[in-house]
Amino acid sequence: MKLAIIGSGMIVNDFLPMVSDIPGIELETIVGTDRSIAKMNDLKKTYGINEVSTNYEECLKNERVDTVYIALPNHLHFSYAKQALLNKKNVICEKPFTLKLSEMQELKELALANHVILLEAITNQYLTNYKKIKEAVGTIGDIKIIECNYSQYSSRYDAFKRGEILPAFNPKMGGGALMDINIYNIHFVTGLFGEPQKVNYLANVEKGIDTSGILSLDYGDKKVVCIGAKDSTAPIRTIIQGNEGAIIIDGATGTLDHFTVINRQNESKLVDCKVHTHRMYEEFLEFERIIREADFETMKKQLDHSEMVMAVVDKSLVTAGISLG
């Protein structure tokens, strides 16, 4: 994979220290704005990136680049991914894929038409601990209740209350608690149980954006509550309750550092099968393989999952009366 990184924000700074552990990824270019040149040059020097660019169109014409990693604010995902696909580049796009289902479906059609790989970067779907949770779900009987709470007071919330609208709370830029942190919970739950029968999002809305909210997913025989908050904090925890036991996950559903299985006799077992200390390692290891092998079968499977998530997002925003973009 000869990679162009689009953006130089927090997620890129998180990603770069890990990527050298994956020999199949070569860092060709980092692309950003004029005001980010100094930062990008520092990243180039530190991580051995071949070049810095402020011209996305030129980057897409670069024959040395076969894949772009889009790590930009949410509202830019669709347009940048579309442009890359039209230039027959493979695309890895940060979560949330797009702001609406129809945009994601258009990208999917373009990827298939241009015979290139399109993937959403969503850590939990690739973690070994997540695969082990899938196995453990089958050991705790009939699943009845799932509660995911990812609540983390945002460092930008105070500025938001003062009237400074930063991307994290800007509806035009696809901000809000659902798209930022509750999206991990949606991926987590739907990856285990599929598409819910009913969706309802009860959100705390300020200035047109959800600063926190409770998302209910009804599966008929099981009920799910996904809590995401950027205006308050609480222990970050997920509990899956069955009639023979429970699974307890301390920490965010995007990290899944470890989990505990408890049976009805209150006997517990701690499980930790992670293969790397960095949460993004396993997904990018798999992305490199999928692109190298042109594994369209796996791509389609992952896109089906992302499409299901975006369908839940669409319904959630409608029920909360929130408009993004």
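A residue counts as buried under 20% relative accessible area, as exposed over 50%, and as partly exposed in between, computed with a 1.4 Å probe on protein chains only. By that scale R279, at 22% relative accessibility, is partly exposed. The model is predicted, so local features need pLDDT of at least 70 and side-chain atom pairs count only at pLDDT 80 or more, while totals for chains, interfaces and linings use all residues. Residues are numbered from 1 along each chain as its sequence is written, and side-chain values use heavy atoms, with hydrogens and water left out.

R279 meets D14 in a salt bridge of 3.0 Å, N to O, the term meaning a side-chain nitrogen of Lys or Arg within 4 Å of a carboxyl oxygen of Asp or Glu. Because D14 lies in helix α1 and R279 in the loop between β14 and α9, the pair ties together parts that are 265 residues apart in sequence. Helices (H or I, at least four residues) and strands (E, at least two) are DSSP runs, numbered from the N terminus.

Strands β11 (residues 237-242) and β12 (residues 245-250) are antiparallel partners over six bridges, where pairing requires that DSSP finds at least two bridges between two strands. A hairpin of two residues joins β11 to β12, and T238 stands opposite I249 in β12. The side chains of R237 and D250 also meet in a salt bridge (2.8 Å, N to O). On its other pairing, β12 runs antiparallel to β13 (residues 259-263) with four bridges, and I247 has V261 as its bridge partner in β13.
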